[in-house]
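Trainee: I would like to learn how to read a multi-domain model, starting with its confidence. Please take me through it.

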Amino acid sequence: MTSELPGVLVVDDELRSQEALHRTLEEDFNVFTASSAAEAAEVMAREWIQIVLCDQRMPGVSGVQFLREVRDKWPDAVRIIISGYTESEDIIAGINEAGIYQYLLKPWQPEQLLLTLRGAAEIYRLQTENQRLSLDLKVTGPVMRQRVASKRQVIERKFALDTLLRAPDSPMNAVCDLLCKVARLDVPVLLTGESGTGKELLARALHLASPRRSEPFVTENCGAVPDQLLESELFGYKRGAFTGAYEDRVGLFKQADGGSIFLDEIGETTPAFQVKLLRVLQEGEVRPIGAPRPLPVDLRVVAATNRDLEADVRGGRFREDLYYRIAAITIQVPPLRERPMDIGLIAQTFVDETLSAAGLAPQRLGHDVLSCLTAYRWPGNVRELRNEVLRMVALADDGDLRAADLSPRVLRAAAVEQEPALELLSGLDGDLKTRLDALEARIVRESLVRHRWNKTHAARELGLSRVGLRNKLTRYGLDKD
């Protein structure tokens, strides 16, 4: 059985010296001994030797001469000279000709000897690891390139303009057509629209459709951080530029060099910061904080905001020159309530992704769920829709996705939307009795929707008998549903 201890070859023509070295090293190393250079060469050829500890003065072949041979035939072995003589010629020859790691003097100290050989063993390990990693890099280079290319293809398939979810009659079709035209031109684009409408998704799709698709796409939310931190994030800084700047940091503008940068919520920046941002966009260069000179950058800027920047310009809250610099092309992203035909597609995609991630079987959304989702106005847009889907999947019993598991606000909207024939529910107008009847009808309708029109469960929840519930359904015209 091969020992896991590092192999050390002790070459010394004095037997007592061999035995002393063997006793000192045997607990930490697998020790081999030889009395001459010829005998040592046989051991080197037969055993796995990592360290050679050789006496300098030996009959016939000296230690330097033997280690020079070792360097030629077994270059990975770490070579050490041990001698009772300190002639400078021997030391220089050992370094230049034999490439020795250390020149130790007799009499040696056990602690110092062990420390030296442990260092030599670590040198050998690092050499071996370096060679292995170098070989791995050569072998895995093509593999890594293929993996990077495959991941880039996955990203392009997922975020490309033609893969964005939308119905044939969706308003998003016009948006995507415009983005496709703009992508070919290297001009700044401003995306406007409510929060949660997918502006960052469109910005990434724009980048992937542009000639810069193979370069970086970097994002920053300008409204999430204060000016000083935003400046250091975007422009970078030099070590010592301010308290806490312990090392150089490359800013996001420089990281995006050659590609695109997405500046979300740009309308939340202050006029002071807008001046600095304008200079970067005008000059095509960025100066890290504390740097003596600016650095050139070549990138495309895609900005986004949920504010009316034109009104902010008129009110003096946003610089006019910066506005025209970032808004060469302005694209309005419609909110989800103006895209009811897309809600089912998006919701079903969220369901598929959530169930797949949880290892659950796929499931189609029922008509009752889709009706509730379509009736709601979605002030939080796609982000709110995703949360509703997650809620519904989390609360589902036996994997059954039900309208009853939607948020009460979604159900209330569905109850009002799905009863246009009832004048009672068009608003709470009229005298007290009329308003109370409208509220009661709305409550009954909501309870029935949540219980999937199971009258027994709805009656139990409302504290009514089945006959009482049937009378109210007839009274309010809900039995027609």
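The dialogue below goes through confidence, domains, an interface and some local geometry.

Mentor: This is a predicted model, in which local features need pLDDT of at least 70 and side-chain atom pairs count only at pLDDT 80 or more, while totals for chains, interfaces and linings use all residues. Residues are numbered from 1 along each chain as its sequence is written, and side-chain values use heavy atoms, with hydrogens and water left out.

Trainee: Where is confidence lowest and where is it highest in the protein chain?

Mentor: pLDDT is the predictor's confidence in each residue, from 0 to 100. Where pLDDT is low, the predicted coordinates should not be read in detail. The protein chain has a mean pLDDT of 85, with 91% of its residues at 70 or more. Helices (H or I, at least four residues) and strands (E, at least two) are DSSP runs, numbered from the N terminus. Confidence is lowest in helix α4 (residues 88-96), with a mean of 68, and highest in strand β6 (residues 189-192), at 96. Residues 419-426 have pLDDT below 50, and this stretch has 13 contacts (heavy atoms within 4.5 Å) in the model beyond near neighbours in sequence.

Trainee: Which domains does the assignment give?

Mentor: Domain bounds come from an automatic or database domain assignment. Here it gives domain 1 (7-127), domain 2 (160-334), domain 3 (337-423) and domain 4 (432-476).

Trainee: How many residues of domain 2 are in contact with domain 3, and what area is buried?

Mentor: Buried area is the accessible area (1.4 Å probe) that two parts lose on being put together, summed over both. Domain 2 and domain 3 bury about 1,000 Å² between them, 52% of it on carbon and sulfur atoms. On the domain 2 side, Leu165, Glu194 and Gly196 lose the most area to domain 3, together 45% of what that side buries. Twelve residues of domain 2 contact 13 residues of domain 3.

Trainee: How many salt bridges does the rule find across this interface?

Mentor: A salt bridge is a side-chain nitrogen of Lys or Arg within 4 Å of a carboxyl oxygen of Asp or Glu. The rule finds one between domain 2 and domain 3. Glutamate 194 pairs with arginine 337, with the closest N and O atoms 2.4 Å apart. By this rule the count comes to 25 salt bridges. Glutamate 194 lies in the loop between β6 and α7 (199-208) and arginine 337 in the loop between β14 (329-332) and α13 (340-357), so the pair ties together parts that are 143 residues apart in sequence.
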